[in-house]
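These are my notebook entries on one structure, written down in the order in which I looked things up.

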Protein chains: 2
Amino acid sequence: MSLLIVGTMAFDALETPFGKVDRIIGGSATYAAWAASYFTQPIKQVSIIGGDFPKEEIAALEARGVEFEGVDVIEDGKSFFWSGRYHMDMNTRDSLITDLNVLAQFDPKIPESYQDCDYVMLGNLVPAVQMKVLDQLKHKPKLVIMDTMNFWMDIAMDELKQVLTRVDLLMVNDSEARQLSGEYSLVKAAKKIQAMGPKFLIIKKGEHGALLFYGDKIFSSPALPLEEVFDPTGAGDTFAGGFIGYLSRTDDISFENMKAAVVIGSAMASFCVEKFGPIRMKELTPADLENRLGDFVTLMNVNIEIALAV
Amino acid sequence: MSLLIVGTMAFDALETPFGKVDRIIGGSATYAAWAASYFTQPIKQVSIIGGDFPKEEIAALEARGVEFEGVDVIEDGKSFFWSGRYHMDMNTRDSLITDLNVLAQFDPKIPESYQDCDYVMLGNLVPAVQMKVLDQLKHKPKLVIMDTMNFWMDIAMDELKQVLTRVDLLMVNDSEARQLSGEYSLVKAAKKIQAMGPKFLIIKKGEHGALLFYGDKIFSSPALPLEEVFDPTGAGDTFAGGFIGYLSRTDDISFENMKAAVVIGSAMASFCVEKFGPIRMKELTPADLENRLGDFVTLMNVNIEIALAV
């Protein structure tokens with residue numbers, strides 16, 4: 001099935017306890033497309049970039065089945081730039097610079113050739129832009145998933161809630177789930193968020209894994225314990241890309257298959273954080289993926305025979 | 001197989017965001033014995049209490065197969081008393097009062113009738129007292145597990161490390177694992193701690209579950225997401241009690257069976273936190289346990305068919 005991804009394509013400057021890079025490609029749609037491309041192709045990309053976005057990066061994505069008809073190229077503009085520094089626990093970071101550049105004029109246009117997409121990922125963006133994408137779809141996709149962040153909850157909660165009524169699945173981190181719902185308990189938060197629209201909810205917990213909620217059902221995927229998290233940038237986007245890439249490939253949106261997709265997403269995120277930026281996402285082999293999924297099965301697999309004394 | 005548990009039996013005063021109790025029984029050995037008793041009996045208890053420890057609590061434990069020959073009763077003394085207040089996230093707490101009382105004179109004596117124990121749990125205590133228990137065992141148990149806390153790392157690290165060389169499994173929380181090893185990464189911390197003695201290591205992460213390490217193998221058990229954690233007191237001790245109670249019952253210390261025991265321990269902890277103190281641990285039915293373990297299987301169970309696009 002075809003997959004549509006909308007999000008940012010950008011440059012990042014990153015500083016972690018393990019090192020720094022001044023300028024590396026990034027952006028939610030870049031990470032998500034790389035991750036999804038291991039499972040499904042073509043990927044119909046919707047984004048906006050400046051003339052400075054490297055031609056070889058575009059060529060590398062095209063070689064992975066990523067289509068650029070929906071990517072607006074502003075030749076005399078500069079791509080979105082973000083700079084951040086991570087703290088030792090890698091769960092908190094300071095944004096140092098956010099230069100919107102061409103992103104400020106992002107007005108997504110969905111090409112006719114994208115209208116066959118059954119799977120849609122709305123990357124983290126202004127809610128009004130996410131809504132514009134949904135408004136242009138001529139038929140209802142099988143699955144629309146959405147990422148967002150606390151920033152939009154602070155300044156555009158009403159628009160965010162409008163988008164929520166039109167998506168099937170929301171993915172946020174634990175603090176965002178708490179902010180959105182006003183509930184500390186993640187189980188209570190999930191119920192309130194599901195009542196806002198999305199039937200499915202994924203709460204990402206970084207090194208502690210992710211929870212998938214559907215009705216009263218809950219699935220918990222661990223994150224792979226790693227010796228070192230080198231750079232967490234893109235972990236959430238590669239999680240999302242792997243998740244929806246796998247669903248698009250298997251074309252099965254049952255809760256059972258979504259559980260598998262959550263583990264696939266967790267595996268892709270575990271690769272992403274091993275090197276700076278999207279470097280690791282570009283070099284994965286089928287053997288890497290199979291071995292890593294094997295690690296997850298070992299990590300999660302258990303047989304319990306209940307034996308009570310009473 | 002017989003199980004020996006050494007630890008505190010105490011009174012607690014507890015305050016959580018959901019309410020407070022002024023005086024309820026507690027102590028690591030109390031919680032652990034209640035949890036273990038659902039899987040294995042008899043349980044050979046080693047502790048010290050004052051004349052104020054309620055006769056009906058002793059009778060209730062005896063009815064669950066808990067033997068008191070190794071429990072020193074100081075008729076004119078007062079039982080250990082701890083008072084604490086939990087914060088909203090339930091992972092942090094303030095100790096308000098710690099009255100050692102009879103615990104200050106704890107000099108454990110292992111009765112002859114306890115010498116057949118193949119499974120031994122050293123609850124959180126002064127390392128020197130844990131060592132005294134090991135010194136009195138006439139044959140090597142199949143499995144010795146040990147709990148400890150940051151306090152002993154601060155004031156008795158050398159003695160703690162001595163005990164570590166003589167135990168098979170250590171269980172600590174994530175911040176304690178970091179303090180003990182000096183490593184932030186839990187994978188690196190695990191390797192350093194395993195090199196100190198224990199082949200097996202369990203790192204408890206509260207609402208994020210627990211990790212079991214053995215050699216290069218890792219197993220991750222989720223915690224059950226709960227609407228409300230009413231009172232976290234005793235969660236770690238009931239985890240330990242369920243864990244070793246199950247191992248003692250099944251008499252199988254393979255990594256595979258330890259995985260199951262970790263899930264059993266997590267299930268017992270999930271019950272414990274539902275009510276104040278050990279109240280919930282006293283009223284569980286076989287159906288409660290079977291249903292809860294079923295919840296864990298749903299929470300963890302996944303089938304993944306790898307389908308790559310490349």
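**Cysteines and ground rules**

I began with Cys272(B), which counts as buried because its relative accessibility is 0%; buried means under 20% relative accessible area, exposed means over 50%, and partly exposed lies in between (1.4 Å probe, protein chains only). I noted that this is a predicted model, in which local features need pLDDT of at least 70 and side-chain atom pairs count only at pLDDT 80 or more, while totals for chains, interfaces and linings use all residues. Residues are numbered from 1 along each chain as its sequence is written, chains are lettered from A and ligands numbered from 1 in the order in which they are written, and side-chain values use heavy atoms, with hydrogens and water left out.

I then looked up Cys117(A), which is buried as well, because its relative accessibility is 4%. My search for disulfides (pairs of cysteine sulfur atoms within 2.5 Å) over all chains of the structure gave zero.

**Where chain B meets chain A**

How many residues does each chain bring to the contact? I found 49 from chain A and 49 from chain B, where contact means heavy atoms within 4.5 Å. The size of an interface is often given as the accessible area lost when the parts come together. Here the two chains bury about 4600 Å² between them, with 62% of it on carbon and sulfur atoms; this buried area is the accessible area (1.4 Å probe) that two parts lose on being put together, summed over both.

Between chain B and chain A I counted six salt bridges, each a side-chain nitrogen of Lys or Arg within 4 Å of a carboxyl oxygen of Asp or Glu. One salt bridge joins the side chains of Lys191(B) and Glu227(A), at 2.4 Å from N to O.

On the side of chain B that touches chain A, the elements giving two or more residues include helix H7 (186-195) and strand S13 (217-221) of chain B; helices (H or I, at least four residues) and strands (E, at least two) are DSSP runs, numbered from the N terminus. H10(B) gives the most to this side, with seven residues.

I looked up Lys204(B) in strand S11 (residues 200-204) of chain B, and it counts as buried because its relative accessibility is 14%. Not counting residues up to four places away in sequence, Lys204(B) touches several residues, among them Asp147(B), Asp174(B) and Phe239(B).

Leaving aside neighbours within four places in sequence, Ser221(A) is in contact with residues including His208(A), Ser266(A) and Met300(A).

**Backbone entries**

Which peptide bond of chain A is cis? The bond joining Gln41(A) and Pro42(A) is cis, with omega about 0°, and Pro42(A) lies in the loop between helix H1 (28-36) and strand S4 (43-50) of chain A. In chain B, the peptide bond from Gln41(B) to Pro42(B) is cis, with omega near 0°.

I also noted Asp251(A), which has a positive phi near 50° while being a residue other than glycine. Asp251(A) sits in the loop between helix H8 (235-250) and helix H9 (255-272) of chain A, and it is partly exposed because its relative accessibility is 28%. My last entry is Asn101(B), which is not a glycine but has a positive phi of about 50°, and which is partly exposed at a relative accessible area of 30%.
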